[in-house]
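Subject: Structure for your review

Dear colleague,

Please find below the structure that I promised to hand over, followed by an account of what was found in it.

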Amino acid sequence: MNILVIDDEQTMRDLLARTLNEAGYSVQQASTGEGGIGRIRSGGIDFVILDIMMAGQDGFSVCRRVREFSDVPILMLTAIAGSEADKINGLRAGADDYLVKPFSRGELLARIEAILRRTKGAPYKPEPVLSNGRIELNETMRRVTADGKPITLTRKEFDLLALFLAHPGQVFSREQLMERLWGEQALNVTTRTVDTHIKTLRIKLGDAGAAIETVWGLGYKVVAG
């Protein structure tokens, strides 16, 4: 059983790691929410202990992002002050349970075991999320983020980006993009329209928009961020 501890306090991470190691668990650590998300995406994580109060992204934000692509069990840690509100927000964000600091070794292990009993064998149905590393697109929720920031796109811009992310590295000619996105209406669309949509999409994505590359004489493609 591989447990990931996400907490920006080294002392707390070391304490949890020592306790979990003594109980027979393998432990990985992440000092930031972004680092923890990356480790979960890489696979091999069976359980997550996530602190709510962290610099940068708080635990609620991290939990919501993880739930976009994984159902890994999450136990959130909260301070005594405001713990009831933290519990409600944590559960709404997708956490399986919460634990108030300070806590005993026995309670920590008991809550982990209880969560694992409830979640063991539960089928995971991942959301159709497409990503190049910096850009994430959730097809079901019609949501796009670039470097963690939400981006508002038109329907055509969204469909264009989804096509690119679904085929990383593949070059699409302007004619192919016209046919894929406009279908029968492509007869009323010019290649200039495609160029305009690409330009606008790059601007909206900010620095991450550089991933949409022009392949001179051929068309466009998306590379890893």
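This is a predicted model: local features need pLDDT of at least 70, side-chain atom pairs count only at pLDDT 80 or more; totals for chains, interfaces and linings use all residues.

Asp147 has its place in the loop between strand 8 and strand 9 (149-151), where helices (H or I, at least four residues) and strands (E, at least two) are DSSP runs numbered from the N terminus. Although Asp147 is not a glycine, this residue has a positive phi of about 55°, and with a relative accessible area of 41% it is partly exposed; here buried means under 20% relative accessible area, exposed over 50%, and partly exposed in between, with a 1.4 Å probe and protein chains only. Gly148 lies in the loop between strand 8 and strand 9 as well, and counts as partly exposed at 41% relative accessibility.

Residues are numbered from 1 along each chain as its sequence is written, and side-chain values use heavy atoms, with hydrogens and water left out.

As to the chain as a whole, its secondary structure comes to eight helices and 11 strands, and its C-alpha atoms fill a box of roughly 70 × 35 × 30 Å, taken along the principal axes. Of its 225 residues, 44% count as buried. One of the buried residues is Ile3, with a relative accessible area of 0%, which is found in strand 1 (residues 2-6); the C-alpha atoms of Ile3 and Phe103, 100 residues apart along the chain, are separated by 18 Å.

On a 1 Å grid over the protein atoms alone, a pocket is an open set of points with protein on both sides within 12 Å along at least five of seven lines, a cavity is a set where a 1.4 Å probe fits but cannot get out, and lining residues have an atom within 4 Å of a point. Helix 2 (residues 33-42) gives the most to its lining, with three residues. By class, the lining has one nonpolar, four polar and six charged residues, where Ala, Val, Leu, Ile, Met, Phe, Trp, Tyr, Cys and Pro count as nonpolar, Asp, Glu, Lys and Arg as charged, and the others, Gly among them, as polar.

The C-alpha atoms of Arg41 and Val66, 25 residues apart along the chain, are separated by 8.5 Å.

A search of the whole structure finds one cavity of 30 Å³ or more. About 40 Å³ of space lies in the largest cavity, which is lined by Glu68, Val129, Glu136, Leu137, Asn138, Arg143, Val144 and Thr145. Strand 7 (135-138) and strand 8 (143-146) are the elements that give two or more residues to this lining, whose residues divide into three nonpolar, two polar and three charged.

The structure holds one aromatic pair. The rings of Phe164 and Phe172 have their centres 6.0 Å apart and their planes at 65°, so the pair is edge-to-face; rings of Phe, Tyr and Trp (its six-membered ring) pair if their centres lie within 6.5 Å, and planes under 30 degrees apart count as stacked, over 60 as edge-to-face and the rest as tilted. Both Phe164 and Phe172 are buried.

Finally, a cis peptide bond joins Lys101 and Pro102, with omega about -10°, and Pro102 lies in the loop between strand 5 (97-100) and helix 5 (105-119).

With best regards

How values were computed
Grid points are joined across faces, edges and corners, and a volume is the space filled by probe spheres set on the points.
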